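Me: Please show me the sequence and the structure first. After that I will ask where the labels come from.

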Amino acid sequence: MKLMTTAAWGVIALVLATPAQAQQAASSGEAAQVDTLVVTGTRRVDRTAFESAAPVDVVSQEALKSVVSDEIMDKLAATTPSFNVQRLPAADGQAFVRPATLRGLSPDQTLVLVNGKRRHRSAVLGGRGQQGVDLAALGTSGIERIEVLRDGASAQYGSDAIAGVINIILSDKTGFEGYAQTGRYFAGDGDKTEIGARYGMAIGNGGSIVAALDYTNAEATSRTRQRPDAIAFQAANPSIKVPNPVQRWGQPDREVWRGSLNLVLPIGDAAEAYGFATYSDLQGVTDFNWRNPSTDSSYRTSTVFPGWSLSQIYPAGFSPKFGQDETNASLNGGLRGDAKGWSWGVSAGWGRDKVDYFLNNSINASFGPQSPTRFDAGSLIQEEATLNLDASRPMEWSFLAKPANLAMGVEARKETYKIEAGDRYSWDVGPGASAGLPSGSNGFPGYAPSQAGSWDQTSYAAYADLDLPITDKFNADIAVRHEDFSEFGQTTDGKIAARYEFTPNFAIRGAVSTGFRAPTAGQINNTRTSQGLNTTTLLLFTSGRLSPINPISVALGGKPLEPEESKNLSLGAVFRQGGFTASVDYYRIEVDNRFAVSPNFTVTPALRAQLVAAGVPGADSLTTVSYFTNSFDTRTQGVDVVGSWRGQVWGARAGVTAAWNWNDTKVTRSKLTEVSRLARINLEDGLPQNAANVSFDYAKGRFSGLIRARWSGEWTDAQANGTADLIQTFGGRTLVDLSMSAQLTDALKLTVGAENLFDTYPDEATFQVSRGLIYSRNAPYDTDGGLWYARLSAKF
C-alpha cells in the first residue's frame with residue numbers, strides 16, 4: 001500500500017520573471033510535462049513525455065522550488081505519483097538517509113541516474129537490508145529537471161530498475177539564480193535557514209560550465225510528551241531536575257552543504273567533452289530513548305569500581321545523542337559525438353559515500369570511570385566505479401514508416417563496501433561486565449575490528465535496444481540486456497513496449513518486461529553484532545546479524561543471496577485537448593526472492609562445539625544469530641490517474657492539476673515463520689493504499705498564488721514489543737498548502753506561504769505513550785504540524 005502523492009507541479013513555473021514572463025510560465029508549465037523532450041526510458045533523442053510508451057513525469061526546477069523541503073525526496077513525494085518517503089526518528093542512520101519508495105517497492109528497487117549515469121548507493125543499509133541511493137545528498141539549485149520513469153527498465157539500465165528510474169538532469173543554463181529562505185513550524189521549533197545559488201557561463205561554441213551550491217541549517221523538532229516513568233522518577237527524586245521531555249521525537253538537527261558542477265565543452269563540430277561532479281557534507285544529531293536511573297542496568301553499583309556510579313555523571317538519566325557525519329561525492333566524465341552515421345559515447349564514473357557514526361551523552365558502563373561519554377562508533381563506506389561505451393544510429397528499413405533507432409552498449413562496474421571499526425570503548429567489554437554492567441557505547445555499540453573489512457563485486461553488461469516506428473500510429477521498442485556478476489552469476493532481461501496513437505491527442509501504451517536487483521557487496525558481507533558478558537559463567541557472548549555466507553549462518557540455513565527478480569506489466573492511455581491533459585496507467589509488478597532479515601536462531605552448545613572444532617572464527621561466543629536472506633515474493637498492482645487544465649480565469653492565467661494513486665501490495669509467498677507476521681502487515685498495509693492531491697495556481701500581473709490539498713488514506717503500523725504485538729490502523733488525513741508570490745522587480749521575487757496550513761496531525765499512536773512518542777515514527781508524511789516560510793529569489 002502506498003502514499004503516492006501526485007504528479008506534476010510543473011504547472012507552477014511562476015518564478016523569477018517579469019509579470020509577462022510569469023503568466024507565460026504559468027501557461028506553459030503543464031506543456032513542459034507532456035511536450036518536453038525526455039531522455040529516460042528511451043534511446044531516441046526526439047521523444048516527448050506524451051509520446052513515451054511508458055509513463056514519464058518531468059518535474060521542473062520551478063516545481064521543485066514550490067515544495068519547501070531542502071531534500072529531493074520530499075519534493076518528489078509532492079510532485080510524482082507513486083512516490084513516498086518517511087521520517088524515521090531514532091532509527092539509527094535511517095534518520096538521515098531516509099528510505100524513499102516508488103510504487104511501494106524497496107528503496108533499492110528504483111534506479112537513480114544523474115545526467116543519465118548510474119548514481120552510487122548510500123553506505124547505509126536499512127532495517128530490511130535495503131541499500132538505496134541517498135537522494136538527500138543532492139542539492140536542488142543545480143538541477144534543471146527530474147525525469148521519473150514509472151515502469152520497469154532493467155532491460156535498458158540493469159540492476160535496480162524494478163519499480164522505475166529517477167533521472168536527475170543538471171542545469172546547463174547561463175546566468176545567475178539564487179534564493180534565501182527561512183521557515184518555522186507553527187509549534188515554534190524546527191527553525192530552518194536555506195541559501196542556494198547557481199551560476200553558469202557559456203564556453204566556446206555551445207558549451208557551458210555551471211556551478212551550484214546549497215546550504216541548509218535545520219534545528220530539531222519535538223512532538224513529545226513527558227514519559228510516565230520520567231514523571232514517576234521526578235516525583236521520587238524531587239531534588240533532581242529531570243528534563244521535560246527527557247527525549248525528543250521528531251526531526252534531527254542537521255547542517256548540510258551540497259554542491260554540483262556541470263561542464264560541456266565542444267571539441268570541433270562533431271564531438272564534445274563533458275563532465276559533472278557532486279559533493280555534499282551532512283552532520284546531524286538525533287535523540288535515542290531515555291535511560292531511567294531506576295531501571296537501567298548501567299546504573300548498577302559494583303565492587304569492581306568502588307565509589308563510582310553512573311548517577312555521578314547522569315543523575316537524571318540520559319538520552320544518547322546519535323550522530324552522523326556523511327560525505328558524499330561523485331565524478332563523471334566522457335566524450336560523445338557523431339561519426340559515419342553513428343552517435344557514440346564513452347564515459348567513466350566514480351562515486352563514494354562515507355558515513356561516520358558518533359555517539360554523545362552516552363557511556364560504556366562496563367568500563368566504569370574509564371569510559372568516555374563521546375564515542376566514535378565506526379564508519380561505513382560505499383564506492384562504485386563504472387565504465388560505459390554506447391552507440392546508436394538510425395536504421396532505414398523500407399517496411400517502417402520512419403527510420404528505426406538501434407542502440408547498443410557495454411558496461412563494466414565495480415562496487416566496494418567497507419566497514420571501519422570504531423574506537424575501542426565503543427565496542428569492547430570492560431571489567432564491569434562481570435557485575436552486569438552493559439558493554440559497548442550505550443544506544444549504538446560501535447563496529448568492532450572483527451566486523452571491519454573491505455569487500456567488492458564486479459559486473460559486466462551488454463545491451464541492445466531497437467525502437468521501431470512500424471506505422472505512423474504504431475511504435476514498438478524492444479530491449480535486451482545481459483549481465484555477469486562476480487558474486488552470483490549471469491542474468492538476461494528483456495522488455496517490449498508499444499504505443500498506438502488513435503489521434504494526435506489520444507494514444508494507448510503498454511509494456512511487459514523482466515527485471516532484477518543484484519545483491520550488493522554490502523548486503524552480502526555486512527555484519528552487525530554486539531558483545532556482552534554472561535554474569536553466571538563470566539563468558540563473553542555475541543549476538544546479532546552475520547553475513548549470509550558466514551559459516552555460522554550457513555550452519556543455520558543461510559545461503560548466498562540471489563538476485564531479486566521481477567515481472568512487470570503496464571497498460572495506460574494519454575489524452576490532451578486544448579488546455580486539458582490526462583493520463584491513466586495500470587501497473588502490475590511481481591517480485592520474487594525479496595530480501596529480509598531471518599528470524600533469530602539460537603546457537604546450541606552442540607552446534608557451537610561443532611563450529612569451534614571446524615575452526616570457525618568467533619563461534620565460541622555466539623548465542624543468537626540472524627542473517628539476510630531471500631525471504632518472500634510480492635505482487636504489487638495499482639493505478640495512476642493524472643489530469644490538468646490550463647486556461648483563463650477572471651482575466652488571468654490559471655491551472656488545476658489533480659492526481660490519484662491506488663497501490664496494493666500482497667505477499668504471495670514467504671519462507672519466514674509466523675514471527676514475521678508484523679513484517680507482512682507493514683509490507684501490505686504500512687503505507688496508504690490510496691492517495692490523491694489537487695492544486696490550483698493563479699497568476700495576474702505581478703502576483704501569483706498556489707493552493708494544493710494532499711490526501712493520504714488509512715495505513716497500519718505494526719511493531720513487536722516483547723511478547724505483545726503492537727498494531728494500530730491510522731485514518732486518512734488531508735494537508736493543505738498555500739503560497740503567495742509578488743514580483744518585486746524584474747529580478748526579485750518574494751514568496752510567503754504555509755505547508756499544512758491547518759496544522760493537521762495524524763491520529764495519536766496510543767501504544768507508544770510509554771516512550772513519550774505522540775505520533776507513529778513510521779507515518780508516511782511529516783508529523784510536525786504546520787510550517788510557515790518566506791523565500792526571496794533573485795535571477796539575472
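Me: Which residue in strand 7 is the bridge partner of Val112?
Reply: In strand 7, Val112 has Ile166 as its bridge partner. This is a predicted model, in which local features need pLDDT of at least 70 and side-chain atom pairs count only at pLDDT 80 or more, while totals for chains, interfaces and linings use all residues. Residues are numbered from 1 along each chain as its sequence is written, and side-chain values use heavy atoms, with hydrogens and water left out.

Me: What makes strand 4 and strand 7 a pair?
Reply: Two strands pair if DSSP finds at least two bridges between them. Strand 4 (residues 110-114) and strand 7 (residues 164-170) are joined by five bridges in the parallel sense, so they pair by that rule. Strands themselves are DSSP runs of E with at least two residues, helices are runs of H or I with at least four, and both are numbered from the N terminus.

Me: Why are strand 1 and strand 5 called edge strands?
Reply: The open sheet has five strands in the order 1-6-7-4-5, with mixed pairing. Strand 1 (56-60) and strand 5 (117-118) each pair on one side only, and that makes them the edges.

Me: How do you know in which sense strand 20 pairs with strand 19 and strand 23?
Reply: Strand 19 (residues 489-503) and strand 20 (residues 506-517) are antiparallel, with eight bridges. Two residues lie between them in a hairpin, and Thr503 stands opposite Phe506. Strand 20 also runs antiparallel to strand 23 (residues 564-577), through 12 bridges; one of the partner pairs is Ile508 with Ala573.

Me: What makes a group of residues a nonpolar core?
Reply: The members must be buried Ala, Val, Leu, Ile, Met, Phe, Trp, Tyr or Cys residues joined through side-chain atoms within 4.5 Å. Buried means under 20% relative accessible area, exposed means over 50%, and partly exposed is in between (1.4 Å probe, protein chains only). The largest core has 29 residues, of which Leu76, Phe83, Ile146, Ile166 and Ile168 touch the most other members. Among the elements that each supply at least two residues are helix 2 (61-65), strand 6 (143-149) and strand 24 (580-597). Helix 3 gives the most, four residues. Another core, apart from this one, has 28 residues, including Val124, Tyr357, Ala377 and Tyr417.

Me: What does Ile166 contact beyond its neighbours within four places in sequence?
Reply: Contact means heavy atoms within 4.5 Å. On that basis the partners of Ile166 include Leu76, Phe83, Val112, Ile146 and Val148.

Me: Why is Arg710 called buried?
Reply: Arg710, in strand 29 (residues 703-712), has 18% relative accessibility and therefore counts as buried. Its side chain makes a polar contact with that of Asp737 at 2.9 Å. A polar contact is a pair of N or O atoms within 3.5 Å; within protein, one must be able to donate a hydrogen and the other to accept it, and residues adjacent in sequence count only if both atoms are side-chain atoms.

Me: How do you know whether Arg103 and Lys340 are buried or exposed?
Reply: Arg103, in the loop between strand 3 and strand 4, has a relative accessible area of 2%, so it is buried. Lys340, in the loop between strand 13 (321-339) and strand 14 (342-360), has 81% relative accessibility, so it counts as exposed. Phi is positive in Arg103, near 55°, and in Lys340, about 55°; neither residue is a glycine.

Me: Why is Ile552 called buried?
Reply: Ile552 belongs to helix 8 (residues 551-555), and its relative accessibility of 1% puts it in the buried class.

Me: How do you know that the protein agrees with the rule for a compact globule?
Reply: The radius of gyration is taken over C-alpha atoms, and the rule is 2.2 Å times the number of residues to the power 0.38. For 796 residues a compact globule would be near 28 Å, and the protein has 27 Å, which agrees. Buried residues make up 58% of those 796 residues.

Me: Where is confidence lowest and where is it highest?
Reply: pLDDT is the predictor's confidence in each residue, from 0 to 100. Helix 1 (residues 19-35) has the lowest mean, 40, and strand 10 (residues 207-218) the highest, 97. For the protein the mean is 88. Residues 1-32 stay under 50. Where pLDDT is low, the predicted coordinates should not be read in detail.
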